[in-house]
Amino acid sequence: MPHTQLKIQQLQHYALTRAYISYLLLASLFLCLSFNSFALTTVGDLKSQQKNEILFNIHAYYVEDLALQQSFENNQQFEALLAQLDPYSKYLDEQELEALFSSTNGRYTGLGIEVKLQDKKIVIINTIKNSPAALAGIQKDDVVLAINQQAVVNKDINQVAQMIKSSDTAAVTLTIERTNPTQILDFEITRSEINLESVTSSLSGFGIGYLAINSFSNHTLHDVARHITILQSNYGAALTGLVIDLRDNPGGTLQSAVAVSDLFLQSGTIVTTKGRFYDANQHYRAKKGDILNGAPIVVLINENSASAAEILAAALKDNHRATLIGSQSFGKGSVQSLIPLGNGNTALKLTTAKYFTPSGQSIDGVGVTPDVAINQSTLSQIDKVVIIKNEQGSDDPLWQNSAASDPLLLKAQQLLTMK
C-alpha cells in the first residue's frame, strides 16, 4: 500500500509542523483524574506580569471578542475576567502543564478513572485498562461519594481532582456507591504511572476488524495503522469491513483526529476551524490513500463520544465513508490552543476557534447524529475486550453473543455483512 505508507509519513510531519501558537488541543469535559493534573490554581498566586500576559492573550486570541478591562486593581476583578471564558479555557501551572504533555504522549500518574458530572454526582464512565482503579475493582457507573472520607456532594470535577491531588499519601481512599444491588464500598487505591493504550483491536471470522479508539494522543495514528496491519495479517487478506468504536472516547489532539480520519479517506474535507485571528482559520483536507482500500466502515458513538472523536465520526459520515450507529454524541466543538506564559513553565489553555464538520455544521452543544439510533448503556473498554476475542471461524462468540451483550456490535456486523 504505497499511497497509504506515504500518507502516514506525511501526516507524521504534518502533525509536527501545523500546530499554531504552540500546540492545538481538543480538551474534553471527561477527565482522567491525575495526581499531577487539574489543580485549582488561585489567582492570588499569579503575579501582575502574568495577569497582564493572560489578559493580552485573551484580547488577541480568544474565540469571542469580549469587552475586557485593561488592568486589574484586585484579584476579584481578575476572577471576573476568567469567569467570562468558556469552561475549557484555564490557566495551567507547572504541574498541570506537565500532566497535560504526559497525557498527550500516552502516560500520566494517577488513579486511572474517567468521570463525568451527572445529576450533581461524580460518575465513573470508564477505568483505564491495567490502571490502579481497574485493578482495585472500580467499575463503570460507580458513583464517587467521598475521597479520603471527605464528601464530594455538590463538588465539580475540578474540585474532586484537587481533593485527589492534595492527598498527603500516594494511596487514596474512594468511597463508592454501586447499584444492583446497592452497596457502599471503600477502595484504597495507590496512584502510579499509567501508560495509556489508545487503541485495542480484534478480528471476527468474517474478516471484519474491530478497532476501539479510547483517546486521541500523539501515538494514535501509528497505533491505528499498526492494529489494522495486524488484523489484516491475522486474517490473511484485506479486511472485509471495520468497526471503529468511539464510545466513551473523550477526545484528544486535533492533529491526531485529522490524521486518523485521513487514513480512511481518499479526498474531501475533514474539518474546518474558525476563529478571530488568522491562523485559527484552517481547512483540513484528506490526501489520497485509503488504508482499507474502500472496505465498508461502521462507527459506534454514544453520549460520551466527544471532541476529537466527534471530528472523526463526522468526517467519515459526511464524506459517506462510514455509517454511524449509537446515540447523539456529546457536542464539544471548540478548539483550545496552549499558549506558553513567562519562561514557558506555565501556560494558558484558551479556546481560540470553533470547528465545523465537512457539511459545514457546528456540533458545539449539539453533537453528531448517528445514521442508526440505538440507545444503550455502553460497556467499558475492559468489557469490550473480553467479549471481542481474537478467534477465527464462523462460530466466533463476538457475533453470536453480541445481541445479548452489545446490540450495537450486532447491528454493525449486520450492516457490514450486507455490503
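**Helices, a sheet and a loop in a predicted model**

Student: Are α8 and α9 roughly parallel or roughly antiparallel?
Tutor: The packing angle is about 25 degrees. Angles under 35 degrees count as roughly parallel, and over 145 as roughly antiparallel. α8 and α9 are therefore roughly parallel.

Student: Is the crossing of α8 past α9 left-handed or right-handed, and how many charged residues are in the contact?
Tutor: α8 passes α9 in a right-handed crossing. From α8 come Leu254, Ala257, Val260 and Ser261, which meet Ala308, Ile311, Leu312, Ala315 and Leu316 of α9. By class, eight of the contact residues are nonpolar and one is polar, and the number of charged ones is none.

Student: α8 also packs with α7, so which residues of α8 does α7 meet?
Tutor: Helix α7 (residues 220-235) packs with α8 at about 25 degrees, with the axes 9 Å apart. That makes the two roughly parallel, and their crossing is right-handed. On the α7 side you'll find Thr220, Leu221, Val224 and Ala225. They meet Ser256, Ala259, Val260 and Leu263.

Student: On to the open sheet: which strands stand at its edges?
Tutor: Six strands make up this sheet, with mixed pairing, and the order is β11-β12-β13-β16-β17-β20. A strand at the edge has a single partner, so one of its sides is left without a neighbour in the sheet. The two edge strands are β11 (199-203) and β20 (372-373).

Student: What is the bridge partner of Leu203 in β12?
Tutor: β11 and β12 (residues 208-213) run antiparallel. Five bridges join them. In β12, Leu203 is partnered by Gly209.

Student: Which helix lies across β12, β13, β16, β17 and β20?
Tutor: Look at residues 407-418 against β13 (241-245), β16 (297-301) and β17 (322-326), along with β12 and β20. The helix there runs at about 165 degrees to β16. That helix is α13.

Student: What about Ala170: buried, partly exposed or exposed?
Tutor: Ala170 sits in the loop between α6 (157-165) and β8 (171-178). Its relative accessibility is 42%. Buried is under 20% and exposed is over 50%. Ala170 therefore counts as partly exposed.

Student: Which residues does Ala170 contact, leaving aside neighbours within four places in sequence?
Tutor: Ala170 and Ile189 are 19 residues apart in sequence, with 8.2 Å between their C-alpha atoms. Contact here means heavy atoms within 4.5 Å. The residues that Ala170 touches are Ile189, Thr190 and Arg191.

Definitions and conventions: Residues are numbered from 1 along each chain as its sequence is written. This is a predicted model: local features need pLDDT of at least 70, side-chain atom pairs count only at pLDDT 80 or more; totals for chains, interfaces and linings use all residues. Side-chain values use heavy atoms; hydrogens and water are left out. Axes are lines fitted to C-alpha atoms, for helices over the stretch in contact, and angles run from 0 to 180 degrees between N-to-C directions. Helices (H or I, at least four residues) and strands (E, at least two) are DSSP runs, numbered from the N terminus. Angles under 35 degrees count as roughly parallel, over 145 as roughly antiparallel, 65 to 115 as roughly perpendicular and the rest as oblique. A crossing is left-handed if the near helix is turned anticlockwise from the far one by less than a right angle, and right-handed if clockwise. Ala, Val, Leu, Ile, Met, Phe, Trp, Tyr, Cys and Pro count as nonpolar, Asp, Glu, Lys and Arg as charged, and the others, Gly among them, as polar. Two strands pair if DSSP finds at least two bridges between them. Buried means under 20% relative accessible area, exposed over 50%, partly exposed in between (1.4 Å probe, protein chains only).
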